[in-house]
Amino acid sequence: MTISVRGVVARAKGEPVEIMQITVPDPGPGEALVRVQACGVCHTDLHYREGGIGDDFPYLLGHEAAGVVEAAGDDVTEVRPGDFVILNWRAVCGNCRACARGRPWYCFSTHNAAQKMTLGDGTPLSPALGIGAFAERTLVAAGQCTKVSPGAGAEVAGLLGCGVMAGLGAALNTGGVTRGDTVAVIGCGGVGDAAILGARLAGARTIIGVDIDERKLEWARGFGATHVINSAAADPVAGIRELTGGFGADVVIEAIGRPETYEQAFYARDLAGTVVLVGVPTPEMRLDLPLLDVFGRGGALKSSWYGDCLPSRDFPMLIELYLDGRLPLDKFVSERVSLGDVEEAFAKMTRGEVLRSVVLF
């Protein structure tokens, strides 16, 4: 049995998205059918539309989502119908070498639903990040569903499905920010501001936001930045050093994904400090650093995959912090839109006018 729902599809590279009828099969073994309630508009969806991630068109876009499980395969034990869940794109296998070493957040065998959602004519769809949540219903692997308290609205909870979790985790998990640290975040969009929020939550004493957009620097202050630097007007490396006693920051988080800003992050950290790359680069980008500087400055150069999060551990905890008033996730929601507004939401995101547009169903 199948159902037909509306979804946002990117049919060809660079072309505007379309709302189309999507055929969704009943869940099979290890799968769950989720009624999507809200889905954030993320840069990753735009990368899919532009062909920056792959060319397996047509894509069913959307991945930063929350909703309610409507049905599950017979062997599914993680969730059951009626559960309020956040969707995640790294369902851990429990068996690979990373999982066996007790590091499931690095799982090398993450999985998605086995069955394909299709267009009405039977053309198989590639769901963005294995989710495809710009649709009224989506089929995912049951392990991609993380049950959380329904007290948090879907438009807020879904943000943990990608960008906000990536930023929070870059600070809390990958960067290991702790009490009294100095932290700099280069790039104050949604991911960068989440990293600032994570650093504040961890007790950092100095948090420096860096961007070229004064509007984004104001957002950074709202999420906990103690200082900001407009890097269009001042050298950010010198500015970060001046604000940290001449030493550089203990942790520098690069939330843009460009060689020039990564180099700034590298030289803006203290000796034996940590650089965390959470911004996503494009395939053609290259980095050129003197190897002696890499050796001589010591410390750690890290990449943060999805904030190195473990959804089953992190999502419920962060939702409880939100419900306790300690994690203002709702401040990331700039506007609430409908499926038909996704293309305009991409334009607003590109112009830097919003932190997150959220599609409500």
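Contact here means heavy atoms within 4.5 Å, and helices (H or I, at least four residues) and strands (E, at least two) are DSSP runs numbered from the N terminus. The structure is a predicted model, in which local features need pLDDT of at least 70 and side-chain atom pairs count only at pLDDT 80 or more, while totals for chains, interfaces and linings use all residues. Residues are numbered from 1 along each chain as its sequence is written, and side-chain values use heavy atoms, with hydrogens and water left out.

Helix 5 is largely enclosed by the rest of the structure, because 10 of its 13 residues are buried; buried means under 20% relative accessible area, exposed over 50%, and partly exposed in between, with a 1.4 Å probe and protein chains only. Among the buried residues are Asp 193, Ile 196 and Leu 197. The buried residues of helix 5 pack against helix 4 (163-174), helix 6 (214-223), and strands 11 (182-186), 12 (206-211) and 14 (249-254). Just after helix 5, Gly 203 takes a positive phi of about 95°.

Six strands form an open sheet in the order 13-12-11-14-15-16, with parallel pairing; two strands pair if DSSP finds at least two bridges between them. Strand 13 (227-230) and strand 16 (300-303) stand at the edges with a single partner strand each, so one side of each is left without a neighbour in the sheet. On average, neighbouring strands of this sheet are turned by 15° against each other, direction ignored. Helix 6 packs on the sheet, touching strands 12 and 13, and its direction makes about 170° with that of strand 13. For these angles, axes are lines fitted to C-alpha atoms, for helices over the stretch in contact, and angles run from 0 to 180 degrees between N-to-C directions. Strand 15 (residues 269-277) runs parallel to strand 16 and is joined to it by four bridges, with Val 276 opposite Lys 302. Strand 15 also holds Ala 272, which has a positive phi of about 65° although it is not a glycine. Ala 272 is exposed, with a relative accessible area of 58%.

Rings of Phe, Tyr and Trp (its six-membered ring) pair if their centres lie within 6.5 Å, with planes under 30 degrees apart counted as stacked, over 60 as edge-to-face and the rest as tilted. This rule gives seven aromatic pairs. One of them, Trp 89 with Tyr 306, is stacked, at 4.3 Å centre to centre and 15° between the planes. The two residues are 217 residues apart, so the pair links distant parts of the chain. Trp 89 is partly exposed at 21% relative accessibility, whereas Tyr 306 is buried at 4%. Tyr 306 also has a positive phi, near 55°. Phe 266 and Tyr 267 form an edge-to-face pair, because their ring centres are 4.9 Å apart and their planes stand at 90°.

Tyr 48, Phe 57 and Tyr 59 form one aromatic cluster. The peptide bond from Phe 57 to Pro 58 is cis, with omega near 0°. Phe 57 is also touched by Gly 51, which lies in the loop between helix 1 (43-49) and strand 4 (59-60).

Technical notes. Lists of a residue's contacts leave out its neighbours within four places in sequence.
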